[in-house]
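Visitor: Hi! I'm new to this one, could you show me around?
Guide: Happy to, let's bring it up.

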Amino acid sequence: MLEKIIMFVKKDNDMQKNQIIELEITDLSYEAMGVAHYEGMTVFVNNALPGEIVKAKILKVKKNFAFAKIEEIVKESPDRIKVKLNQWVQTGLASLAHIKYDKQLEFKRNQVVNLLKKAHLDNVEVGQTLPSPEQVGYRNKAQVPVREIKGQLEIGFFRRHSHDLVPLTNFFTTDPEIDRVLVAVRDILRKNHVPAYDEVNNKGEVRYLDVRRSKATGEIMVILVCLHKDFPALPRVAAEVSQIPGVSGLILNHNPKKTNVILGKKDYVVFGNDQITDEIGDLKFRISPQSFFQINSLQTPRLYNLAIEKADLKPSDVVIDAYSGIGTIGLSVAKHVKAVRGIEVVRDAIKDAKDNAELNGITNAKYYLGKAEEVMPRWAKEGLKTDVVFVDPPRKGLTPEFIDATVKTGPKKVVYISCNPATMVRDLQLFQEQGYEFDRIDPVDMFPQTPHVEAVTVLEKK
Ligand code: SAH
């Protein structure tokens, strides 16, 4: 039986690994790979752009598709721009960096248009992608892997779809002040002979450097993600890190597991503060190591304003801020509505949200720890009535249980902020089945140089 299958697979395509073929690129995949068709096969070509003709080397052959890399560009796209470091594109750190910015915005809009087409929702209008005020150096946070290469501790980024570290010191999309701190900490670790993490044997010490910087206050938090909760050189490392200008705290995050999850559950303050303070609009926000905070500081208020405009809030409104993080959306609207209830699953984020309500003198916003898909059904059962529900879930989107419960609380509007338009379109259809309508989606570029698409829409009760 197995032999038969192999025979069948073999017969289905004659493409061979290492074969070099000329391809015409017709499309860009959602991961920003050039797409070509060749003798019934779909070929994904790293870094190739639509309109280009390339000589490509086949890297991997599957039943109906293959992966390839460019050997030579025979005809170049006018949308291609020179990238200073090829590694930015190769690693997927900035896999759109070789495309002009206005074309990046178009690519993101097209992602949404294509998803709507597939869902037979062609009549939904898709706005132009809102450009980011900064196109490089915009990230207020970096999480970079630490590994040993040729006997030396290195920081960098993993090559796409792998755990091969490509050493880097300029992270391009990250605040250059953060890059400066990453390199300084790397040098301190080297000097003190602190071992890098060895993921094959789950040995060594430092797994990741996680650095966050507040644009508003300049405060910098350094998190060393370590295999153990202490190591002999830690006091010396701490003393030197404390001398890096701007660093307001050093946290050791303990992650003992053999896992791809970056952060462990426990944080230990080595010195300084365990929160940094940033600002959005005229509000201040404290952020703990485990809490989510939007990474594009200048684009975030523009994203929120778009969402808040769509909500058309009234002073009598009861508002839900689901997937609230540290309370940024709910607290931004609290002064204009009757009451806000936030839901968030990360304990430290809830603590931050409560701190942040107090810090900003807000008394009508309450934050609740739990899974949105469990808390919302409980509230619906208790008879809670809502006016506007903001949702801002992670990539996997909402659950049917959450959607059913939300509908039961009878909101006039549900404002959906999404970092994954595929799950968003899926969820919007579930709301539609329950009598909610939407006629427009606005993409927002929160992540220039990367294929990530953020989008906002409002659902209204018929
Ligand atoms: N609205 C916030 C956070 C958005 S990110 C902001 O703009 O900053 C999504 C948040 O959802 C994260 O804080 C994450 O911890 C939280 N989360 C993930 N799964 C959840 C769930 N099942 N229930 C509630 N919150 C969840």
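This is a predicted model: local features need pLDDT of at least 70, side-chain atom pairs count only at pLDDT 80 or more; totals for chains, interfaces and linings use all residues.

Visitor: Thanks! Where is Ala-32 in that scheme?
Guide: Ala-32 is in the loop between strand E1 (20-28) and strand E2 (34-38).

Visitor: And is Ala-32 buried or exposed?
Guide: Ala-32 counts as buried because its relative accessibility is 0%.

Visitor: What is the phi of Ala-32 like?
Guide: Phi is near 70 degrees there, a positive value, and Ala-32 is a residue other than glycine. His-193 also has a positive phi, about 55 degrees, although His-193 is not a glycine.

Visitor: Where does His-193 lie?
Guide: Look in the loop between helix H4 (176-191) and strand E10 (206-213). His-193 has 69% relative accessibility, so it counts as exposed.

Visitor: Switching topic: which strand holds Thr-457?
Guide: Thr-457 is in strand E23, which covers residues 454-461. With 0% relative accessibility, Thr-457 counts as buried.

Visitor: What lies 2.5 Å from a polar atom of the Thr-457 side chain?
Guide: That is the backbone oxygen of Arg-440.

Visitor: Which residues is Thr-457 in contact with, leaving aside neighbours within four places in sequence?
Guide: Among them are Lys-310, Val-414, Tyr-416, Met-424, Phe-438 and Arg-440.

Visitor: Now the rings. How many aromatic pairs are there?
Guide: The count comes to 7 aromatic pairs. One of them is formed by Phe-65 and Phe-67.

Visitor: How do you describe a pair like that?
Guide: A pair of aromatic rings is described by how far apart the centres are and by the angle of the planes. For Phe-65 and Phe-67, that gives 5.9 Å centre to centre and 90 degrees between the planes, an edge-to-face pair.

Visitor: What is the relative accessibility of Phe-65 and of Phe-67?
Guide: Phe-65 is at 32%, so it counts as partly exposed. Phe-67, at 24%, counts as partly exposed too.

Visitor: Which cluster do ring pairs link Phe-65 and Phe-67 into?
Guide: The cluster is made up of Phe-44, Phe-65 and Phe-67.

How values were computed:
Residues are numbered from 1 along each chain as its sequence is written. Side-chain values use heavy atoms; hydrogens and water are left out. Helices (H or I, at least four residues) and strands (E, at least two) are DSSP runs, numbered from the N terminus. Buried means under 20% relative accessible area, exposed over 50%, partly exposed in between (1.4 Å probe, protein chains only). A polar contact is a pair of N or O atoms within 3.5 Å; within protein, one must be able to donate a hydrogen and the other to accept it, and residues adjacent in sequence count only if both atoms are side-chain atoms. Contact means heavy atoms within 4.5 Å. Rings of Phe, Tyr and Trp (its six-membered ring) pair if their centres lie within 6.5 Å; planes under 30 degrees apart count as stacked, over 60 as edge-to-face and the rest as tilted.
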